[in-house]
Amino acid sequence: MGTALLKHTLLCLIVVSQCVSVQGCGSHYEFAIEEFCLAKFKLDMQMLDQRQWCSWEDTVELYSDLTNCTYIVAQGMNCYWPNRMVDEFFIQVHRYYFHNCSLSGRLLKDPPNRILGPFIVVPILVTLLMTALVVWRSKRSEGIV
């Protein structure tokens, strides 16, 4: 399957590069990166378990291949790279595949209660203590100069 997919991708890139000089960078470029680059990326991501999508170690090679594919297609079509269409393309990829991922690559979740508890309790106790201190001090006015 991998060899057939690689042959298909190369054939598609050759066809795209032959059509390019006349077409320019319009909807044809957008169609080409979706049809050739995104199709392979989708297949590669389907082979991964969805829980691995946020793991940079598991997706870095696939993401790099996708980026390189958009660059090769842009070169073949005499387009600037990166361009507005590439930016929008990657925004859509991120919205679909990486929307639940944090910048560190781990899913965001609350810390355990043993860590979160002191961050809640200590400020409450300090606030109550300071309030009690202010009330107590205001009732003892004889020592204030």
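This is a predicted model: local features need pLDDT of at least 70, side-chain atom pairs count only at pLDDT 80 or more; totals for chains, interfaces and linings use all residues.

Visitor: Which residues does the UniProt annotation "transmembrane region" cover?
Guide: According to the unreviewed UniProt entry, that annotation covers residues 115–136. UniProt positions follow the numbering used here, feature names are shortened, and annotations may be inferred rather than shown by experiment.

Visitor: And what is the chain doing over residues 115–136?
Guide: Residues 115–136 are 100% helix and 0% strand, with the end C-alpha atoms 33 Å apart. Helices (H or I, at least four residues) and strands (E, at least two) are DSSP runs, numbered from the N terminus.

Visitor: Okay, helix packing. At what angle do H2 and H3 cross?
Guide: Roughly 165 degrees, and the axes of H2 (residues 27–47) and H3 come within 10 Å. That makes H2 roughly antiparallel to H3. Axes are lines fitted to C-alpha atoms, for helices over the stretch in contact, and angles run from 0 to 180 degrees between N-to-C directions. Angles under 35 degrees count as roughly parallel, over 145 as roughly antiparallel, 65 to 115 as roughly perpendicular and the rest as oblique.

Visitor: Which residues of H2 and H3 make the contact?
Guide: From H2, they include Phe36, Phe41 and Met45. From H3, Leu62, Leu66 and Val73 are among them. Contact here means heavy atoms within 4.5 Å. By class, the H2 contact with H3 has 14 nonpolar, two polar and three charged residues. Ala, Val, Leu, Ile, Met, Phe, Trp, Tyr, Cys and Pro count as nonpolar, Asp, Glu, Lys and Arg as charged, and the others, Gly among them, as polar.

Visitor: Now H3 and H4. Parallel or antiparallel?
Guide: Roughly antiparallel. The axes of H3 (residues 56–76) and H4 (residues 84–97) come within 12 Å and cross at roughly 160 degrees. Tyr63, Leu66, Thr67 and Thr70 of H3 meet Phe89, Phe90, Val93 and His94 of H4. That contact of H3 with H4 has five nonpolar, three polar and no charged residues.

Visitor: How far apart are the axes of H2 and H4?
Guide: They are 11 Å apart, and the two helices pack at an angle of about 25 degrees. H2 and H4 are therefore roughly parallel to each other. Glu30, Glu34 and Lys42 of H2 are among the contact residues, as are Met85 and Tyr97 of H4. The H2 contact with H4 counts 10 nonpolar, no polar and three charged residues.

Visitor: How many salt bridges?
Guide: Two, counting a side-chain nitrogen of Lys or Arg within 4 Å of a carboxyl oxygen of Asp or Glu. One of them pairs Lys40 with Asp44, their closest N and O atoms being 2.8 Å apart.

Visitor: Where do Lys40 and Asp44 stand in H2?
Guide: They are four residues apart in helix H2, so about one helical turn separates them.

Notes. Residues are numbered from 1 along each chain as its sequence is written. Side-chain values use heavy atoms; hydrogens and water are left out.
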